[in-house]
Amino acid sequence: MTIFAISSIPLILVLGNSMLIPILPKMKSVLHISQLKVSLVISAFSIAAAISIPILGYLSDRFSRKAVIIPALILYGSGGLLAGVAAAWFSNAYVWIMVGRIMQGIGAAGTAPIAMALTGDLFKGGEQSKVLGLVEASNGIGKVISPLIGALFALLFWYVAFFAFPIFCFLSVLLTIFFIKEKKTKKEPPSFGTYVKGLASVFKTEGRWLFAAYLTGAICLFTLFGILFYISDILEKRYQIDGVLKGGILAIPLLFMTTTSYFTGAKIGKRMKRMKSLIILGLLLMTVSFASLIFFQKLVPFFTVLAVSSIGTGLVLPCINSFISGSVPTDKRGFVTSLYGSVRFLGVAIGPPIFSKLMEWSRTGMFLTTAGLTFICALLCMFLIRVAKKESSKEKEKDTLFEKLQFT
């Protein structure tokens, strides 16, 4: 139940944008707003979350993970409730919907990244990697089901999805309160100045490998959502597929990614050499898949080749999560994992607009550019993350992955 409770937290984060995508056209027509204003409903959430994540990460280190997660979930649900009430009854609905979305974005900052740090606190060794794989799989499941849930809610009223947020958040709050028990620490939390100096020392000595890990996580999410944006466009324009069927087709690559994430997290344990190998393998699979997509236009061959990149993403993300969540001491883990979450969020946010420009430029150029990015990440991970060939008995007893790695 502890694992189930932790996995429910990132699921809430994913619902924030994906569940609303099917209702945006209806929102535009009912509220009589421009396409730009509609896009801001998504952007406001993403920007508020990206800015707030490092701040809430610090607070989770300063106090406790649950002290941040529970209020964040309550704020997230309250923002959804405000947006739903405004859409149903307020005359100036759009302004209040935007206020609600900003509230949700701030609340979202205290969900998945803090849950990742919490996993690092509660679980060690192979169990930690397995739970992180489940957390990543939960994230993926949310991506799969949220467009379908949003489309189904829209069959009632277009704004019903907003009222679903407080329900989901309430359930997650209950699970967090009753089934997550944090380990009590007798140490006094460090002062802000001491905390900042400690973080500076971490990034000064380990900045190169953290840069590679952060960039890889961001590029994986950037390519995933960019490709989904491209698929969504061609399904509607070229094949006239829309609605729930379109959501089901978009779920196919996400299912491959989610399944692979689960099994990867279950198998890697605390074997760092295997983690590094799987990261590089996954990035190379993505590179080959994206480069090969230029030769395929028909749906079935296209999705067959695309599935290879989804499997690659599923190999990379749980391993990157394990490196980062176990890389630093508990008192700084919240900030480091939250900054990683912020970078991932930015990857998701910039994927669709950049891919829209690449689509206007060249289909071949779009896929080759994407392949080039994943190949560069593979090279960075290959050279900046170096794992000790042999571990002494003393090293095996060390608490964090960070202490067992040798870096350039």
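A residue is counted here as buried when its relative accessible area is under 20%, and by this criterion Ala-112, Pro-113, Ile-114, Ala-115, Met-116, Ala-117, Leu-118, Thr-119, Gly-120, Asp-121 and Leu-122 of helix α6 are buried in the model, which is a predicted one. Since eleven of the eleven residues of α6 (residues 112-122) are buried, this helix is largely enclosed by the rest of the structure. Across the protein, 55% of the 408 residues count as buried, and the chain is arranged in 15 helices and two strands. Among the contacts with a separation of 6 or more, 84% are accounted for by residues 24 or more positions apart.

Two packed helices are described by the angle between their axes and the distance between the axes. For helix α1 (residues 2-18) and α6, the axes come within 8 Å and cross at roughly 160°; with angles over 145 degrees counted as roughly antiparallel, α1 is therefore roughly antiparallel to α6. The crossing of α1 and α6 is left-handed, and it brings Thr-2, Ile-6, Ile-9, Pro-10 and Leu-13 of α1 into contact with Ala-112, Ala-115, Leu-118, Thr-119 and Leu-122 of α6. In this contact eight residues are nonpolar and two are polar, while none is charged.

A further helix pair is formed by α4 (residues 65-89) and α5 (residues 93-108), whose axes come within 7 Å and cross at roughly 165°, so that α4 and α5 are roughly antiparallel to each other. The crossing of α4 past α5 is left-handed. On the α4 side the contact involves Ala-72, Leu-75, Tyr-76, Ser-78, Gly-79, Gly-80, Leu-82, Ala-83, Ala-86 and Ala-87, and on the α5 side Ala-93, Trp-96, Ile-97, Val-99, Gly-100, Met-103, Gln-104, Ile-106, Gly-107 and Ala-108. The residues of the contact between α4 and α5 comprise 14 nonpolar and six polar ones, with no charged residue.

The largest nonpolar core has 56 residues, of which Ile-231, Ile-279, Leu-283, Phe-302, Leu-306 and Ile-324 touch the most other members. At least two residues of this core are supplied by each of α7 (125-154), α9 (192-237), α10 (243-268), α11 (272-292), α12 (299-325), α13 (330-361) and α14 (363-384), and the largest share, 16 residues, comes from α9. When residues up to four places away in sequence are not counted, Leu-283 touches Thr-216, Cys-220, Val-316, Thr-374, Cys-377, Ala-378 and Cys-381. A second, separate core consists of 53 residues, including Ala-93, Ile-114, Ala-115 and Leu-118.

Gly-57 is placed in helix α3 (residues 35-62) and counts as buried, because its relative accessibility is 0%. The C-alpha atoms of Gly-57 and Val-336 are 7.6 Å apart in space, although these residues are 279 residues apart in sequence. His-32, by contrast, lies in the loop between α2 (24-31) and α3, and its relative accessibility of 71% is why His-32 counts as exposed. Most residues other than glycine have a negative phi, whereas phi of His-32 has a positive value, near 55°.

How values were computed:
Residues are numbered from 1 along each chain as its sequence is written. This is a predicted model: local features need pLDDT of at least 70, side-chain atom pairs count only at pLDDT 80 or more; totals for chains, interfaces and linings use all residues. Side-chain values use heavy atoms; hydrogens and water are left out. Axes are lines fitted to C-alpha atoms, for helices over the stretch in contact, and angles run from 0 to 180 degrees between N-to-C directions. Helices (H or I, at least four residues) and strands (E, at least two) are DSSP runs, numbered from the N terminus. Angles under 35 degrees count as roughly parallel, over 145 as roughly antiparallel, 65 to 115 as roughly perpendicular and the rest as oblique. A crossing is left-handed if the near helix is turned anticlockwise from the far one by less than a right angle, and right-handed if clockwise. Contact means heavy atoms within 4.5 Å. Ala, Val, Leu, Ile, Met, Phe, Trp, Tyr, Cys and Pro count as nonpolar, Asp, Glu, Lys and Arg as charged, and the others, Gly among them, as polar. A nonpolar core is a set of buried Ala, Val, Leu, Ile, Met, Phe, Trp, Tyr and Cys residues joined through side-chain atoms within 4.5 Å. Buried means under 20% relative accessible area, exposed over 50%, partly exposed in between (1.4 Å probe, protein chains only).
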